[in-house]
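Here's a short tour of how some pieces of this protein sit against each other. Take a look at the sequence and the structure first, then read on.

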Amino acid sequence: MNNAKNYDIIVIGAGHAGCEAALASARMGMSTCVFTMNLDTIGQMSCNPAIGGLAKGHLVREIDALGGEMAKVTDRAGIQFRMLNKSKGPAVWSLRAQADRVLYRLKMRQTLEVQQNLDIKQATIEDIIVEDGRARGVVTSLGVYYGARCVIVTTGTFLKGLMHVGHESFAAGRAGEFPSVGLSVCLAKIGLQLGRLKTGTPPRLDAKTIDFSKTEAQYGDDPPIPFSHSTVKIENPQLPCFITYTNPETHGIIRDNLGRSAMYSGKITGVGPRYCPSIEDKVVRFAERERHQVFLEPEGLETNEYYANGISTSLPFDVQTALVRTIPGLENAEIMRPAYAIEYDFVFPTQLRHSLETKSIAGLFLGGQINGTSGYEEAAAQGLMAGINAALKAQGREPLILGRHEAYTGVLIDDLVTKGTKEPYRMFTSRAEYRLLLRHDNADMRLMEKGSAIGLLDTEVHDRFIDKRQKIENETLRIRNSRVKPGLINETLKNLGTSPVGEDISLEQLLKRPEVSYDVIRQWAPSAIELGEDVEKQVEIQVKYEGYIARQIETAEKLKKLEEKMIPDIIDYRKLPGISKEILCKLEEVRPASLGQAGRIQGMTPAALSLIVIEVEKIRRSKAGI
């Protein structure tokens, strides 16, 4: 076997997870190599040309706050930006951006190519070398060996990927690309338990053949709000999306051809995403609905290709054409790329630690869809954390573990390694117990210090963050201590539809009123220095939601205490008296690291948790000789 070169970190795959992992490792000073089966598809947006959305936008902002790349590249490639849920509270605001698919890929590749400490190689990895329970390197299909201190696997949908269009099936990682078969066999051989999942895409349509006059245009925000904390202004031209709907005729064609669908004919064995169903699924599961939304998304500035979001399918091409042409505006639409379903192997994520290192093999990390997730953002967040923790391990440092009260990224990883998944996992705001603490707008406040501490945040960005944080603290203190007289403000309060005051009142108390925004405070008593919209919005949110935030912080502190109570590796759960077989199996599968994690295992009871607490105390006393 030819030993070509040794690295600190090797990353297998250069999708969204792989790019973040490789960049994080290299930026932390580790010699890194990322392997991809095709250099031309680095950072490829395999599904829809969009980043962010509900809860996913939070992940992108967190990636940026820690020093990752997805937000920056999205800002450079974005062609429409919209803040979702603005009519609701700030806990569920989420930014979403349409991106130029080609531009995104090119900008991400360029970022990797100029990064110091990072090599990029086109090769198919067939084997991971494990010696004495530790990952030591990889072997390519050409028999070339590359040594490493840590290996990160980020293979997306490529592990034994199988593409389906009707009754036709093709071995593929995605349309037009080969799957990875040898690596899937290798992962099973080294002892990891694999399952099978399924996802899919809709057809892509030619804009020349779409009648947009029959659709509803949807424009982005003006001016567009960037994803990255370091982006000053979005430079690209902005494009609208368009909305149309299916109808009973569409649904009739689908029902008449269910037997020709790869999913409904039994050809697909993998479990599909519950929250992003195919159009066949929608028609069958929601039979009472007469229409479903179709969101026409531009693929880029220099192409006529449109992504028909909402009609993912594995029906044959002739049926795809027929159903598309029943939709208003698409009566003459030509399909440029047919829809397809794809199934692939994944690793059950309960086999991972919170660092995303496998429990059975030291130095082997997994990130992205291989862990059972769905979506670019979930993949990128995992890739970033895998890259950070692989680098920290190689440096002999403790891993970076984000708590559920600190980040959506922490919720994502904790859900995966504690509860596992048997279907593609998608992030939602409802999964986060502390979502008022984990807002889209305060990702920098929560995470930038951590990004700086591990060496991922450049000095200029960190200095701006410190300045912003100080301004927020100073302004919050100023409005708390500043009082205004009734004669100055009562007329304005009356016009705003809120009650007048009878005595001097602090600006803080006024800002707590729903009708009073910071714009009004600025009129009454402006700050002596220019604060900027970002600082003003932070002050307003913190003041208005102070009570709710305080209660969530108090609850989070209680959780933190449970997380700090570690469970020794030597604990034997079989010795616990009266514990059910179901809970015993889950405890031995997950091997929780703390009492907090044990309490979140599905099916865990207070009685069983009490038994674990007693056993942990016995072990502690035994070690202490008490």
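Predicted model: local features only at pLDDT ≥ 70, side-chain atom pairs only at ≥ 80, totals over all residues.

## A strand pair

Strand β5 covers residues 94–99, and β4 pairs with β5 in the antiparallel sense, over 6 bridges.

## The whole sheet

That pair belongs to an open sheet of 3 strands, and the order is β3-β5-β4, with antiparallel pairing. Which strands sit at the edges? They are β3 (50–52) and β4 (78–84), each of which pairs on one side only. If you ignore direction, neighbouring strands of this sheet are turned by 20° against each other on average.

## Two helices crossing

Over to the helices. Helix α1 spans residues 16–27 and helix α9 spans residues 376–394; their axes come within 7 Å and cross at roughly 30°. Angles under 35 degrees count as roughly parallel, so α1 is roughly parallel to α9. The crossing of α1 past α9 is right-handed.

## Who touches whom

Which residues of α1 meet α9? On the α1 side you'll find H16, A17, E20, A21, A24 and S25. On the α9 side, the residues they meet are Y376, A379, A380, G383, L384, G387, I388 and A391. Sorted by class, this contact of α1 with α9 has 9 nonpolar, 4 polar and 1 charged residues.

Technical notes: Residues numbered from 1 in each chain as written. Heavy atoms only, no water. Axes fitted to C-alpha atoms, helices over the stretch in contact; angles between N-to-C directions. Helix = DSSP H or I, 4+ residues; strand = E, 2+ residues; numbered from the N terminus. Parallel < 35°, antiparallel > 145°, perpendicular 65-115°, else oblique. Left-handed = near helix turned anticlockwise from the far one by under 90°. Contact = heavy atoms within 4.5 Å. Nonpolar A, V, L, I, M, F, W, Y, C, P; charged D, E, K, R; others polar. Pairing = 2+ DSSP bridges.
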